[in-house]
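Hello,

Here is the structure we talked about, followed by notes on what was found in it. Please keep it open while you read.

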Amino acid sequence: MRVLTHDGELIFVGTFVYWKTSFSSLEEKKKVVALLSGGLDSQLAVRMMQKQGFEVSAVAIKTPFCDFDCGRGCGFEIRERADALNVKLKTVYLGDEYIEMLKNPKYGFGAGMNPCIDCRSMMFKAAKQHMEEIGAEFIISGEVLGQRPMSQHGPALKTIEKESGLEGLIVRPLSAGLLGKTIPEEKGLIKREDMGKIRGRTRRTQLDMAKEFGIENPPNAGGGCLLTDPAFGLRAKDLFSHVENPTVNDIDLLKIGRHFRLDEKTKLIVGRNKDENDVIKALALPNDILFVARDHMGPVSILRGENLEQHKPLCAAVTLRYSDAPKDSENIVTIQHSDAISEISAKSASESDYIQFRI
């Protein structure tokens with residue numbers, strides 16, 4: 001015997017009874033993919049979609065220059081953020097292909113050496129691949145209209161969609177009420193009245209939303225990737241103008257120390273503290289030369305390039321300059337080149353000896 005109801009049917013088979021639900025109640029949640037940085041805006045975008053009944057899967061992007069979707073300072077806690085949001089997380093590293101793009105970005109650079117439009121396009125391409133793998137409907141991000149000058153104004157957002165092959169399939173929940181219709185909206189998957197209308201760099205609305213969604217200790221606004229930092233941008237420009245094919249190792253060295261361009265092919269980096277000294281030693285390659293003051297606390301310096309021998313005396317003197325060695329007397333500097341260790345006697349350099357080489 002069958003008894004029909006408004007949302008299914010009660011079926012009697014002999015002495016057994018079971019419930020057969022209707023098709024609509026068995027339908028799985030619609031899936032979306034979120035670009036997750038660990039910053040507040042991307043977390044809010046996830047919560048907004050979850051509130052509307054979507055199953056959210058997150059993708060976190062890391063490049064040699066920034067932690068996960070340019071959420072500077074957020075990379076170390078990205079998994080904790082994903083756990084708090086109750087979303088599955090896939091991490092993607094853009095390494096050599098990102099460096100290759102940086103040599104000649106199609107849409108140029110911002111105020112520093114930041115190729116924001118090309119960078120965002122690469123990130124969305126990675127998210128698109130995951131979207132297709134899991135059968136998601138569209139992609140969301142925490143981008144806010146007008147928040148970043150190069151990549152978050154209307155024309156730039158459209159360019160990024162086109163370049164990533166996602167025209168109409170990127171939803172930016174925090175500002176979608178101010179943007180054009182997307183395919184999900186046209187299909188009735190989302191409603192405009194459920195979308196935000198946030199514009200600009202103020203965070204007041206986001207902080208109120210964080211309280212509403214129970215996001216505790218919301219992170220401070222990210223400073224963007226390292227390439228937006230003027231000082232780091234100068235180092236990066238110097239590297240790419242002097243080295244035809246920079247490596248991730250070269251870029252990791254950009255992040256630490258004092259940098260000196262000694263000639264077109266040769267560069268000196270001087271550590272500023274113990275942590276940086278340790279990193280320099282870890283990054284040293286067989287052809288590099290390391291300098292350390294033998295009898296005094298001070299930096300580890302690394303000389304990299306092609307004309308190494310001729311620069312040894314200056315590098316030893318600069319290493320002493322940043323050490324505790326007396327400035328007015330000869331001191332010993334230990335030199336390590338591959339497996340060979342030697343020593344050189346030098347006096348601490350005066351500022352006029354090296355300041356012209358400082359990047």
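**Aromatic pairs**

Phe-260 and Tyr-354 are both buried. The model is a predicted one. The ring centres of Phe-260 and Tyr-354 lie 5.8 Å apart and the ring planes stand at 80°, so this pair is edge-to-face. The two residues come from distant parts of the chain: Phe-260 belongs to strand S9, Tyr-354 to helix H13 (residues 351-354), and 94 residues separate them.

The count of aromatic pairs is five. Another of them joins Phe-54 and Phe-138, with centres 5.4 Å apart and planes at 80°, so it too is edge-to-face. This pair also links distant parts of the chain, 84 residues apart: Phe-54 is in the loop between H2 and S5, while Phe-138 is in strand S7. Phe-54 is buried at a relative accessible area of 5%, and Phe-138 is buried at 0%. Elsewhere, ring pairs join Phe-65, Tyr-98 and Phe-232 into a cluster.

**The sheet**

Strands of a sheet pair through backbone hydrogen bonds, in a parallel or an antiparallel way. Here, six strands form an open sheet with antiparallel pairing, in the order S9-S10-S12-S11-S13-S14. Strand S9 (258-263) and strand S14 (340-347) are the edge strands, since each pairs on one side only. From one strand to the next, the twist averages 25°.

Inside the sheet, strand S11 (residues 289-293) and strand S12 (residues 300-304) are joined by four bridges in the antiparallel sense. For Phe-291, the bridge partner in S12 is Ser-301. Helix H11 (residues 274-283) lies across strand S10 (266-270), S11 and S12, and runs at about 35° to S12.

**Helix H3**

Which residues of helix H3 are buried? In this helix (residues 78-85) they are Ile-78, Arg-81, Ala-82 and Leu-85. Viewed down the axis of H3, these residues fall within an arc of 100°, so they line one face of the helix. An α-helix has 3.6 residues a turn, so residues three or four places apart point the same way.

The buried residues of H3 pack against helix H2 (40-51), strand S5 (55-62) and strand S6 (88-93). On the face turned away from the buried side, H3 carries the exposed residues Asp-83 and Ala-84. Asn-86 follows H3 and has a positive phi, near 60°.

**Salt bridges**

Side chains of opposite charge can pair when their charged atoms come close. This structure holds 20 salt bridges. One of them is between the side chains of Glu-143 and Arg-172, at 2.7 Å from N to O. It links distant parts of the chain, 29 residues apart: Glu-143 sits in the loop between strand S7 (138-140) and helix H6 (154-163), and Arg-172 in the loop between strand S8 (170-171) and helix H7 (183-186). Glu-143 is buried at a relative accessible area of 3%, and Arg-172 is buried at 3%.

Another salt bridge joins Glu-185 and Arg-192, at 3.0 Å from N to O. Glu-185 counts as buried at 14% relative accessibility, whereas Arg-192 counts as partly exposed at 25%.

A further salt bridge is between Arg-294 and Asp-295, at 3.0 Å from N to O. Arg-294 is partly exposed at 42% relative accessibility, and Asp-295 is partly exposed at 47%. Finally, salt bridges with shared partners connect Arg-120, Glu-143, Glu-161 and Arg-172 into one network.

Regards

Methods: Residues are numbered from 1 along each chain as its sequence is written. This is a predicted model: local features need pLDDT of at least 70, side-chain atom pairs count only at pLDDT 80 or more; totals for chains, interfaces and linings use all residues. Side-chain values use heavy atoms; hydrogens and water are left out. Two strands pair if DSSP finds at least two bridges between them. Axes are lines fitted to C-alpha atoms, for helices over the stretch in contact, and angles run from 0 to 180 degrees between N-to-C directions. Contact means heavy atoms within 4.5 Å. Buried means under 20% relative accessible area, exposed over 50%, partly exposed in between (1.4 Å probe, protein chains only). The arc is that of the directions from the helix axis to the C-beta atoms. A salt bridge is a side-chain nitrogen of Lys or Arg within 4 Å of a carboxyl oxygen of Asp or Glu. Rings of Phe, Tyr and Trp (its six-membered ring) pair if their centres lie within 6.5 Å; planes under 30 degrees apart count as stacked, over 60 as edge-to-face and the rest as tilted.
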